[in-house]
Amino acid sequence: MFATAAPDADARTVYRCVRDGTVSLSTAPEPGSKCEAKELDDNAVQTPNLWGSMGVFSGTLYEREQDGTLVYGTRNLPGSRPYLRFTATTPPGEPAHEGLGQVGAPRLDRFPGEFRTAAKATGVEDAWLRAIAHAESDFDAGALSPKGAQGVMQLMPDVVSDYGVEDPFDARQSIRAGARHLRALLRRYDDDRTLALAAYNAGIGTVQRYGGVPPYAETQAYIAKVQALHARYREAMGFRVERPAQ
């Protein structure tokens, strides 16, 4: 719909704006809303979903003048004129979840040999693997999430299939497959752990659609939890704790 409003551009910046729990898209920041800029490539095969998970809905694209410039947005602000009607289809749901474990004291006694072996085989840091397992399942080999994630590393069925896991509730198989999957994600995202965590939690396709960490509360809470646990595991295992530069 924004391509229709501005047909001569090959790329554009669209702002995802939130106000009082409602979401709108606009070609300029909306007064009174919290807005985040998103760069869209009109030549991309698939336009990223900026709405979130809202099902199928219809709305109106409005035109208004703001600071002497024509602005297009989906919120009916003072001075807006209807420009066109649209229908949007958003994902019916995502596999994202906050994880079953809570931030707490490191548990170095849980499957130490399995984590050491998986870390050595894949090159994925032991402390990071433990932090993810802690956040995902609290090291419960029999864990099953409402989204269908299974085992210590809470592997989704597609990951179980991709890595040939015979029993996702077997701790050794779960940890090894989780480490292999994380290694693949780190390679995909040039060792960016935040993007790897987002994809592990919500899926590669979701990260691709949003061009980064998706705006899901579950995914953002999950990333913060793993990062906090990672620092605790590194300290408990005798590693130097990573801190922001001053």
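**Helix packing in a predicted model**

Residues 24 or more positions apart account for 57% of the contacts in the protein with a separation of 6 or more, a contact being heavy atoms within 4.5 Å. This is a predicted model, where local features need pLDDT of at least 70, side-chain atom pairs count only at pLDDT 80 or more, and totals for chains, interfaces and linings use all residues. Residues are numbered from 1 along each chain as its sequence is written, and side-chain values use heavy atoms, with hydrogens and water left out.

User: What makes up the secondary structure of the protein?

Analyst: Eight helices and six strands. Both are DSSP runs, numbered from the N terminus: helices are H or I with at least four residues, strands E with at least two. The order from the N terminus is α-β-β-β-β-β-β-α-α-α-α-α-α-α.

User: Why is H5 called oblique to H6?

Analyst: Helix H5 (residues 171-188) and helix H6 (residues 193-202) pack at about 125°, with axes 9 Å apart. Axes are lines fitted to C-alpha atoms, for helices over the stretch in contact, and angles run from 0 to 180 degrees between N-to-C directions. Under 35 degrees is roughly parallel, over 145 roughly antiparallel, 65 to 115 roughly perpendicular, and the rest oblique. That angle therefore makes H5 oblique to H6.

User: Which residues of H5 and H6 meet?

Analyst: From H5, Gly178, His181, Leu182, Leu185 and Leu186; from H6, Arg193, Ala196, Ala199 and Tyr200. They divide into six nonpolar, two polar and one charged. Nonpolar covers Ala, Val, Leu, Ile, Met, Phe, Trp, Tyr, Cys and Pro; charged covers Asp, Glu, Lys and Arg; the others, Gly among them, are polar.

User: What angle do H6 and H8 make?

Analyst: The axes of H6 and helix H8 (residues 217-236) cross at roughly 125° and come within 10 Å. H6 and H8 are therefore oblique to each other.

User: Which residues of H2 are buried?

Analyst: In helix H2 (residues 112-122), Phe115, Ala118, Ala119 and Thr122 are buried. Buried means under 20% relative accessible area, exposed over 50%, partly exposed in between (1.4 Å probe, protein chains only).

User: Why are the buried residues of H2 said to line one face?

Analyst: Down the axis, they fall within an arc of 100°, so they line one face of H2. The arc is that of the directions from the helix axis to the C-beta atoms. Arg116, Thr117 and Lys120 are exposed on the other side of H2. Cover for the buried residues of H2 includes helix H3 (126-137) and H5.
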